[in-house]
Amino acid sequence: MIWNRLGSRTSQKNKGILSLMALLTLSVAVGCNQSNTDIGETSEQTPQAQEAAATEKVKVVATILPTYLFTKAVAGDAADVSILVPPTTDVHDYQSTPDDVKTISTASILVKNGLGLEEFLDNTIKNAENPNLVKIDASKGIQTLDEISPVDKTVTEHSHGHSHGHSHGHSHGHSHGHGHSHDDGNPHVWLDPVLAKQQVTNIRDGLSAADPANKATYEANAAAYIQQLDNLDQEFQQTLQKTPNCTFITFHDAFPYLAQRYNLKQVAVVQIPEDQLSPADVQRAVNAVKKYNAKALFSEPGVDNKLLTSLAQDLNVTVRNLDSLETAGGDTNPQYYFQAMRTNLQTLEAGCK
Ligand SMILES: [Zn+2]
C-alpha cells in the first residue's frame, strides 16, 4: 500500500527509528510533513525501547479519507495507520482491489465510517479471512438523518433513498449517486464538527480497547484533536449565526448535518453526472435555484462549473465549491480536515451573505 506511510513522522527526536522507517517506506511518496501532530508521544522511552515498540506497532487500516484523518490523529505514532480507499477516489463508486483484501488480511484493526458508506467493505472483509480483525465503526451511536432536503422529482434525477450501487442504473451512467440506504441514514456525519468529535471518541475507545498498551497516547491525542474540533465548531457558530436560515442547493447530499447544526437550509439536491454537466443538468440546477429561491448554489471540487457559472449569472447566485472531504488529492495530514473545513466555512459565509 503506497498510502501506508504517508504522513509518517518527521520530527527530530525520532531520528533513532527513522532509519528503520526508511526501510519500511522506500516506495512512499514524501512531502507530507506533519510533525505538528506528534501530540502526546511518549518521549521518556529509550531509543531502544522506541525501536522495539515501533517494530510491534499495531496495524490499523481506515477506509475513507475523513475516517483515516481522525484515526491518524488519534493513533499518532503509536499505531501504523493506512488508508484503504485512495484519497483521490470517490468512495461512492469504489470497487475494492486484491491489494485491499491483502491489507485487511494483515491488519489488526479496521476503522470504517459506517452508515452504509463503504458498500464494498463487507465482501472485502470476507475475502480477507482475518478472524482476529477488530472492527471499529466510527459512527456508532450517532443519531442519523435520512435526508433533510426534499425529494423533488423536478430537480432531482431520482430519490435519495437508493443505495450507491443502484444509482448507477439510473439515467446518468456515472451519476453522483449519493443516495444512501434508509436503514443506515445519511453517512456524511464527519462534515459536522460536533459529530466528528463523536467519531474521534469512538475511534479512541476502539483503539484503546484493542491496543490497551497505548491507551494513554490515544486518549491524549484524541483530547487534543477534540479541542481543535471544539474550536472549529465555535468558528462555525460565530460566523454562520450572521446568516440564519441561509438556503442552499448542492449536487451531493453531503451537508444535511452541517446545515442542521448551524441553522442553514439545504433545500434541494440536484443529481448530476460525475464528469461533465450537460445543458439539461445545468437547467435543472437553475430551475431548482428559482423554485426554492435559494441563496447559494454549491458545487464541489472536481466538477466543471463553466457552463453552470455562465447560466447562473442572471440568477443572482454564484456557484461555489463545498468540499465533502471524500477526495482530497492525496493530502493525508490529520490537520487537512481543519484546513478544508475552514475553507468550507469561508465558502458558506460568502454564499450566504
Ligand atoms: Zn458522499
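These legends describe several close-up views of one predicted model.

Residues are numbered from 1 along each chain as its sequence is written, and side-chain values use heavy atoms, with hydrogens and water left out. Because the model is predicted, local features need pLDDT of at least 70 and side-chain atom pairs count only at pLDDT 80 or more, while totals for chains, interfaces and linings use all residues.

**View 1. The whole protein.** The protein holds 12 helices and 8 strands. Helices (H or I, at least four residues) and strands (E, at least two) are DSSP runs, numbered from the N terminus. Of its 353 residues, 55% count as buried. Buried means under 20% relative accessible area, exposed over 50%, and partly exposed in between (1.4 Å probe, protein chains only). Take the contacts between residues at least 6 apart in sequence: 71% of them join residues at least 24 apart. Contact means heavy atoms within 4.5 Å.

**View 2. An open sheet of 4 strands.** The order is β2-β1-β3-β4, and the pairing is parallel. Two strands pair if DSSP finds at least two bridges between them. β2 (79–83) and β4 (134–137) stand at the edges with a single partner strand each, so one side of each has no neighbour in the sheet. On average, neighbouring strands are turned by 20° against each other, direction ignored. β1 (residues 58–62) and β2 pair over 5 bridges, in the parallel sense. Ala 62 has Ile 83 of β2 as its bridge partner.

View 3. α3 (residues 65–75) lies across β1, β2 and β3 (109–112). The helix runs at about 170° to β2. Axes are lines fitted to C-alpha atoms, for helices over the stretch in contact, and angles run from 0 to 180 degrees between N-to-C directions. The axes of α3 and α8 (residues 215–240) come within 7 Å and cross at roughly 125°. The two helices are therefore oblique to each other. Angles under 35 degrees count as roughly parallel, over 145 as roughly antiparallel, 65 to 115 as roughly perpendicular and the rest as oblique. On the α3 side, the contact is made by Leu 69, Phe 70, Ala 73, Val 74 and Ala 75. Thr 217, Tyr 218, Asn 221, Ala 222 and Tyr 225 make it from α8.

**View 4. Leu 207 and the nonpolar cores.** The largest nonpolar core has 69 residues. Such a core is a set of buried Ala, Val, Leu, Ile, Met, Phe, Trp, Tyr and Cys residues joined through side-chain atoms within 4.5 Å. Ile 104, Leu 207, Tyr 225, Phe 236 and Tyr 337 touch the most other members. Leaving out residues up to four places away in sequence, Leu 207 touches Val 60, Thr 71, Val 74, Ala 75, Ile 109, Ile 136 and Tyr 218. A second, separate core of 20 residues includes Phe 251, Val 267, Ala 312 and Val 317.

**View 5. The β5 and β6 pair.** β5 (residues 247–250) and β6 run parallel, joined by 4 bridges. Phe 248 stands opposite Gln 266 in β6. In β6 (residues 265–269), 4 of the 5 residues are buried, so the strand is largely enclosed by the rest of the structure.

**View 6. Two loop residues with positive phi.** Leu 115 is not a glycine, yet its phi is about 60°. Leu 115 lies in the loop between β3 and α5 (121–128). At 15% relative accessibility, this leucine counts as buried. Asn 245 also has a positive phi, near 60°. Asn 245 sits in the loop between α8 and β5. With 40% relative accessibility, Asn 245 counts as partly exposed.
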